[in-house]
Structure formats: C-alpha cells, structure tokens
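Visitor: Hi! Could you walk me through this one? I'd like to ask things as they come up.

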There are 2 protein chains.
Amino acid sequence: MTKAIVLLSGGIDSATALYLTKQETSDLYSMNVIYAETYDNEAEASKRLATAVRVKEHLSVFLPFYKDIENRYHPPSSPEISSAYVPARNVVFYGIAAAYAEALGAYRIVFGSNADDSKELPDAGPEFIQLMNSILNIGTRAGRESRRMEVVNPLIDYRKSEVLKLAIKLNVPLELTWSCYENAITPCGKCRGCRTRLRAFEEIGVSDPLRYAPVAP
Amino acid sequence: MTKAIVLLSGGIDSATALYLTKQETSDLYSMNVIYAETYDNEAEASKRLATAVRVKEHLSVFLPFYKDIENRYHPPSSPEISSAYVPARNVVFYGIAAAYAEALGAYRIVFGSNADDSKELPDAGPEFIQLMNSILNIGTRAGRESRRMEVVNPLIDYRKSEVLKLAIKLNVPLELTWSCYENAITPCGKCRGCRTRLRAFEEIGVSDPLRYAPVAP
C-alpha cells in the first residue's frame, strides 16, 4: 500500500480526494495550510474530515506571512485568471507537502481541484502538475533516490457538480465540509465559495446539509 | 532598473549575492526564512546586512513546521547528497519568494549558492533552477502575464573561496555575516558551517573578522 498525503482545504473537492485516496490505501496522512486569518473554519473542517476518515496523522501548517502578501496584492481583474488566485500558493503548498512527505517516507501527494478551478488557476492545471512532478523528482532527495515522488489530482476531469456526485457516492460526510470564504459560524451563502457550492448542489438536485446564514429581509 | 528580491541566509554567499545585486539595482528587497530554532543568528545577520545595504524592505518569514519535519528526518548518509540538505527547502523558499515578488510587482529573485553546495544539494543546481523558472512562469499570474519571472544564482560557478574573494572586492561587511549552525553568542568554529567558512578564509590567506568561541584547553 502506498503511503499518501492528502492536502485538505476542508471543502468538497479535497474531502472527495481524501475519500478516494482512502479507497487505495490506509497508510494515509493529511495536511492543511492556514494561510489567511479567515480560514479557521477551513482548518476545523479539515481536522473533522481527517478524524472521520481516520488518517494516521493530520498536520496543520500556519503561514501567517500570506496575510501580508494578500493585503498588498491587488492585480487588475482578468478574464483568464480566477479572483481566487493566491500568489504562488501551490508552489508553496506542494513544496511543504513534499517536505512532510520526505520526513514520513511517503511519495504520493494528493490534492483535489475540480476541472473548473484547474482551468482558471495557473497553479492547478496539468502543465503545472507535470512541472511540479519534475521538480520534486529532481529537487528532493526522495525524488532523486526513488524517482517516485508524485503530485496527483484525481479530480482534474470532474466539473464541480460531478465531484459532488462522486462525493455522495463515496459517502463523504458533506456536513463536515466548509466552503465559505467568510469567518462566521454559519456559511454566508453569498461569497464565491458558497455560490459555487450551492450551484453544484442545485445542478444535481440535492440539498446541502449545511445550514446557511439567514438572508436579511 | 529591475526590482529584485534577494534571499538572505545571513552567510557569506547570500551577502555576496546581495551586494552584487545592489550594483544592478537600487530597487532592492530582501527576505530571510527562519526554519529552525537555531537560526536566530542567521535571521539577525540577514537583518544587519539588509540594513547595511539599505534595502527598501526586509521580510522575515517564520516556518516553525520545519522543526517537526527535521526532527523526523534521518536519512542514511549519502556520498551524493550533502548532510545540510533540508527536505524540499528551496521549492518552499523560492515559492515564498515568488509570492512576495508578485505582491511587490517584482520579477527577479536572487539567491547565492556557491558551486560546491550547488553540486551537493539537489535543490540548488542548474537543472533545479531551470525547472523552478519554468514553474514560476507557468504557475504564477505574474509569470503567465509577463513571462519574466526568474530565479537566478549569480554564484553558481564560484567555489566558496572565490565567493569570498568576490565579497572582499565588493566590500561586503563580512563582520555582519553568520555561518555557524549553533545558536551561541560566538560561532563555534567546529560545525560544518564554520569549517567551510574558515577553510575559505585560509585558502585565500585572509583572516575572518568574526571572533570564534575559545577552544577548550
């Protein structure tokens, strides 16, 4: 069984990647990166999912410098790049995952990013993943010695609603996930994260188990 | 003038890269990553150098999770890979530098690693740097939009003693640098960092301005 590390954001995509990987191996680890003040809920959701699937260990990594970077980063909006883009995020995240992987003697790093996001984010598409695989096999000791280091995205061909269908099929506990960008007790229902999530539920005709903040009258 | 970010470890190599870059541009920023408990002296040396060369801003990034990773990481020694190797370190460091670069609207990331280290570390040689350049031009917004993101190592062809000669020629304040791996008030003179440094001074027949810990009788 291959030892694997799953990057968890706490949302539906990464939860689905976690449950898919669980089918392949029980030698399973997870990791969440807290990189903005508002992501406490994501961190909590990641921990809940990690506990639910019984990973051997869950690592929380705190990167407070990203707050400063995001505060300064105001690029003009672009039709090609999602407003959810965070500078060099996945280079940093997969780099940290690779460091954790080497320490654990693991070679497989799994993340879940759906086809829609992978198109709109420069650091989620197939070309990026291929280069990341090359760099981890050249630039890490584990990669040099084994040539087996790999970053994989099992959801690259799934649209968001297809990921949700797969999540339901895999019995992913969707009530434990969190997709909202706000840091409230209940998801806002209005941000990009909530809207994408709710649209996917609507598309497949299923109701979201999460309770949303009441809409102001 | 190109806006540039120099990665400072506080040692002679990165200080020399800083002073070389200062000759090219005054639109200069620096960054230090604190990734182990023992690196307070490196962080202080980096700040002293940044102040001496009058960078516009110096960013200190704290990555406490690396301590946990290093505590677990005990690979068998290898003739090909330096014992100074830290898992996936430069993927993470250059990723963070790229994030900072995007926030600043900078495209040039400079680091200094001498020819000896570049041979012994999988994440410092020319092949790694080339892949890192590819990934930053594919996987960051700035890279996609400008194709100008670059990581450069001006010292890749210089042996340690040649770097030291260049440092002296550039008037690098060597008394502000720090190369020791220990966290004492004076450098130990015995660790790998000190030994490499002292050997370089000896090779070129110059004395090190640092005072070392007295040798036990």
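Visitor: Which residue of strand 4 of chain B is the bridge partner of A4(B)?

Guide: In this predicted model, that partner is R108(B). Helices (H or I, at least four residues) and strands (E, at least two) are DSSP runs, numbered from the N terminus.

Visitor: And how many bridges do strand 1 and strand 4 of chain B pair over?

Guide: Strand 1 (residues 4–7) of chain B and strand 4 (residues 108–110) of chain B pair over three bridges, in the parallel sense. Two strands pair if DSSP finds at least two bridges between them.

Visitor: Before we go on, how should I read the numbering, and what is counted?

Guide: Residues are numbered from 1 along each chain as its sequence is written, while chains are lettered from A and ligands numbered from 1 in the order in which they are written. As this is a predicted model, local features need pLDDT of at least 70 and side-chain atom pairs count only at pLDDT 80 or more, whereas totals for chains, interfaces and linings use all residues.

Visitor: Thanks! What's the strand order in the sheet of chain B?

Guide: The order is 3-2-1-4-5, in an open sheet of five strands with parallel pairing. Strand 3 (57–62) and strand 5 (150–152) of chain B are the edge strands, each pairing on one side only. From one strand to the next, the twist averages 25 degrees. For such angles, axes are lines fitted to C-alpha atoms, for helices over the stretch in contact, and angles run from 0 to 180 degrees between N-to-C directions.

Visitor: What about the sheet in chain A?

Guide: Chain A has an open sheet of five strands in the order 3-2-1-4-5, with parallel pairing. Its edge strands are strand 3 and strand 5 of chain A.

Visitor: Which helix packs on that sheet, touching strand 2 and strand 3 of chain A?

Guide: Helix 2 (residues 40–52) of chain A does, and its direction makes about 175 degrees with that of strand 2 of chain A. Touching here means contact: two residues whose C-beta atoms, placed from the backbone, lie within 7 Å.

Visitor: Is strand 2 of chain A largely enclosed or left open?

Guide: Six of the seven residues of strand 2 (residues 28–34) of chain A are buried, so this strand is largely enclosed by the rest of the structure. A residue is buried if 20 or more other C-beta atoms lie within 10 Å of its own, exposed if 12 or fewer, and partly exposed in between, with C-beta atoms placed from the backbone.

Visitor: What does strand 2 of chain A pair with?

Guide: Four bridges join it to strand 1 (residues 4–7) of chain A, running parallel, and six bridges link strand 2 of chain A to strand 3 (residues 57–62) of chain A, also in the parallel sense. M31(A) stands opposite L7(A), and M31(A) has L59(A) as its bridge partner in strand 3 of chain A.

Visitor: Changing topic: where is L174(A)?

Guide: L174(A) sits in the loop between helix 8 (160–169) and helix 9 (192–204) of chain A. With 19 C-beta neighbours inside 10 Å, L174(A) counts as partly exposed. Leaving aside neighbours within four places in sequence, L174(A) is in contact with I12(A), A167(A) and P209(A).

Visitor: Which residue other than glycine has a positive phi in chain A?

Guide: R147(A) is one of them, with phi near 60 degrees. R147(A) lies in the loop between helix 7 and strand 5 (150–152) of chain A, and counts as exposed, with 11 C-beta neighbours inside 10 Å.
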